[in-house]
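This report is meant to be read alongside the sequence and the model. Please keep both in view while going through the sections below.

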Amino acid sequence: MLHIIVCIKQVPMVSELPWDPRTGTLKRETAQGMMDPAARRALEAALQIKADRTSGPVRITAVSMGPPMAEEVLYEARALGADRGVLLTDPCMAGADTCMTAVILGKFIKNHCPDAGLILCGSMSSDSETAQVGPQLAEDLDIPAIGYARRLELLDGCIRVERHVDDFLELMEMDLPGLVTIDHAGESDRYTPRYVALGGVEAAFNTGNIQVMNRRALGLDHAFNALKHSPTKIMDVYSPVTEKKGRVLTGAVKKMVDTLFDDYGKIISSAMGKDLKTHDHEEDK
Amino acid sequence: MTNILVVADIKQGELKGSTAELLSRARALGADTAVVAVGAQVKDLADQLAAAGSDTQYIVEDASLEIFSANPFAAAVVKAANEFNADMVWFGFSETGKAVAPRVAVQLEAACATEIIDVTIDGDAVQIIRPAIANKVLQKVKVNAPKLVAVVRAGAFEADPEIAGKENVVALDPPETDTRAKIKELISDASGEIDLTDADIVVSVGRGARDQAGVDMVKDLADDLAAGFGSSRAMVDAGLMAHNKQVGQTGKIVAPSLYIAVGISGAIQHLAGMNGSKVILAVNKDPEAPIFNVADFGIVGDLFDVVPLLKEEIKKIRA
């Protein structure tokens, strides 16, 4: 029996991010939550492995660390086909950075899933975009890891992983237990997440109970304080000033292109590594 | 005094520009600098690494390091960091670097931060700035640990051509090879092409180009400029461009001196991958396209009319 652990983060729905226009900050507390898109793909990868008869029996545990409301994404994971949903939540876990998050997830896996064979994470969450938790978790568990996977294939005692990184297509094999992070959509999009009918989520809410574990249940030290022990702490989140007051032209194409080269000819030619020769407008003379 | 170790960004035996950018910034912060080069043939880069602004060059060279593998690479960087007594380890941006940095951080019991755009050191207090949520926000992050491992976002720092270090080469033993995760096959997606993340000029094509003929026309413009050629996600999804050409939040993050967006409307995910570019030119039919909000210069027009004229002008510069 292969036990797959899928780590899922609840993130704010970016398209509906409520902004406070006066302060220019994000009203995160009122943001609607959703399953991180990359984690959703990781869950899809697990579900496809489970559906493949050649994999043998597979059990999927979906786990999330977060506030009580993160329970929602675990119900959704259950509705999609995860066998178990576990929420790690405790006031002492609040403020955990990526390192402490990896420690908490690691504690859960070491103490409560000693049979874990494959751990799947999204490659990078859509809100913080750190791409750190997966590799840190692997290091914490002292298991091998492969990031940015596009395709998985289960072999005997190991897993074959296809990934695209830094302009290379790599085919790798990794011993199990091991950790893989699943990349965002690519052209050979194998892990496009399935959708679950609303009724399915409702049914999961009604029947599928989510196991909630606090610090004590998890086996963390009583002095554990994620905020205090996190090596990084976000002090401030603010809106960057990115809008430029550039020049946008409309009108006759030839005239626009001429103006462009009048204004930016030097920059273009220096970027090309060429000296700008005299730029003539025949018709101007 | 802060000791900053920069991990040399080497692709196919060539030292990439980010290494000098990071070293320049480290020196500007008043730090002692060293660089670590990991690979099958990196010894010969020592003088370049010194010229880029490092005062010590740790060389980890072994035939087994020909192909990148996260664990041995991380072990090599950790070894150099301990040797140098590094307070910080900085990686230039690459997907592989981003995969290694968190592992190095755990081994050094350091804080970890990816995609940083700035660092400040005030006595013992270290703060970093990094964007999040597709560049919608910036986070100011305090480092609560004695050490920091960071991945620097493309284009965040500028190389100072006046800066040079001194050659002091220290060879380190190679790490053990990783037997748990092995690369079976490696296929280059980009042989002979200009590296998008390191190009001075990037030309990107979007949905406005419509089809293969449109893409080819814009590619010609890129070739005339000796530019890297990228695209929006839509073109990758449509199968008109390879995945490794995608510029954006989930693709390549670029910050060239000149970025030319052709037929790209400028979805937030695309902007997140290129709005650090120094000068942005945009061509789009729609005057309301969000790309014009980040462009220094915009031409509202049909790219099929505009691109041929651009090519003509560029021909004049090349002549």
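## A strand pair between the chains

Strand E15 of chain A pairs in the parallel sense with strand E18 (residues 297-300) of chain B, over three bridges; two strands are said to pair if DSSP finds at least two bridges between them. Within this pair, Val248(A) has Gly298(B) in E18(B) as its bridge partner. Helices (H or I, at least four residues) and strands (E, at least two) are DSSP runs, numbered from the N terminus.

This is a predicted model, in which local features need pLDDT of at least 70 and side-chain atom pairs count only at pLDDT 80 or more, while totals for chains, interfaces and linings use all residues. Residues are numbered from 1 along each chain as its sequence is written, and chains are lettered from A and ligands numbered from 1 in the order in which they are written.

## The contact between chains A and B

The contact takes 71 residues from chain A and 76 residues from chain B, where two residues are in contact if their C-beta atoms, placed from the backbone, lie within 7 Å. On the side of chain A that touches chain B, the elements that give two or more residues include helix H3 (98-112), helix H4 (133-141), strand E9 (145-154) and helix H8 (253-271) of chain A. The largest share of that side, twelve residues, comes from H8(A). By class, the side of chain A that touches chain B has 34 nonpolar, 18 polar and 19 charged residues; Ala, Val, Leu, Ile, Met, Phe, Trp, Tyr, Cys and Pro count as nonpolar, Asp, Glu, Lys and Arg as charged, and the others, Gly among them, as polar.

Ile267(A) has its place in helix H8 of chain A, and it touches Leu258(B) and Val279(B), not counting residues up to four places away in sequence. With 18 C-beta neighbours inside 10 Å, Ile267(A) counts as partly exposed; a residue is buried if 20 or more other C-beta atoms lie within 10 Å of its own, exposed if 12 or fewer, and partly exposed in between, with C-beta atoms placed from the backbone.

A nonpolar core is a set of buried Ala, Val, Leu, Ile, Met, Phe, Trp, Tyr and Cys residues joined through C-beta atoms within 7 Å. Of the 198 residues in the largest such core, Val6(A), Val36(B) and Val77(B) touch the most other members, and the largest share of this core, ten residues, comes from helix H3 (residues 70-84) of chain B. Leaving aside residues up to four places away in sequence, Val36(B) touches several residues, among them Leu5(B), Val7(B), Tyr58(B), Ala76(B), Val77(B) and Ala80(B).

H3(B) is mostly covered, since twelve of its 15 residues are buried, including Phe73(B), Ala76(B), Val77(B) and Phe84(B). The helix reaches 21 Å from its first C-alpha to its last, close to the 21 Å expected at 1.5 Å a residue, the expected span being 1.5 Å times one less than the number of residues. H3(B) is followed by Asn85(B), whose phi is positive, near 60°.

## An enclosed strand in chain B

Five of the five residues of strand E6 (residues 88-92) of chain B are buried, so this strand is largely enclosed by the rest of the structure. Both of its faces are covered, with Met88(B), Trp90(B) and Gly92(B) buried on one side and Val89(B) and Phe91(B) buried on the other.

Strand E1 (residues 3-7) of chain B runs parallel to E6(B) and is joined to it by four bridges, with Val7(B) standing opposite Phe91(B). E6(B) also pairs in the parallel sense with strand E11 (residues 148-152) of chain B, over five bridges, and Val149(B) in E11(B) is the bridge partner of Val89(B).

## Backbone features in the loops

Most residues other than glycine have a negative phi, and most peptide bonds are trans. Asp142(A), in the loop between H4 and E9 of chain A, has a positive phi near 55°, and this residue is exposed, with 9 other C-beta atoms within 10 Å. The peptide bond from Leu176(A) to Pro177(A) is cis, with omega near 0°, and Pro177(A) lies in the loop between E11 and strand E12 (178-182) of chain A.

## Confidence

The model scores ipTM 0.79 and pTM 0.83. Chain B averages a pLDDT of 91, and 99% of the residues score at least 70; pLDDT is the predictor's confidence in each residue, from 0 to 100.
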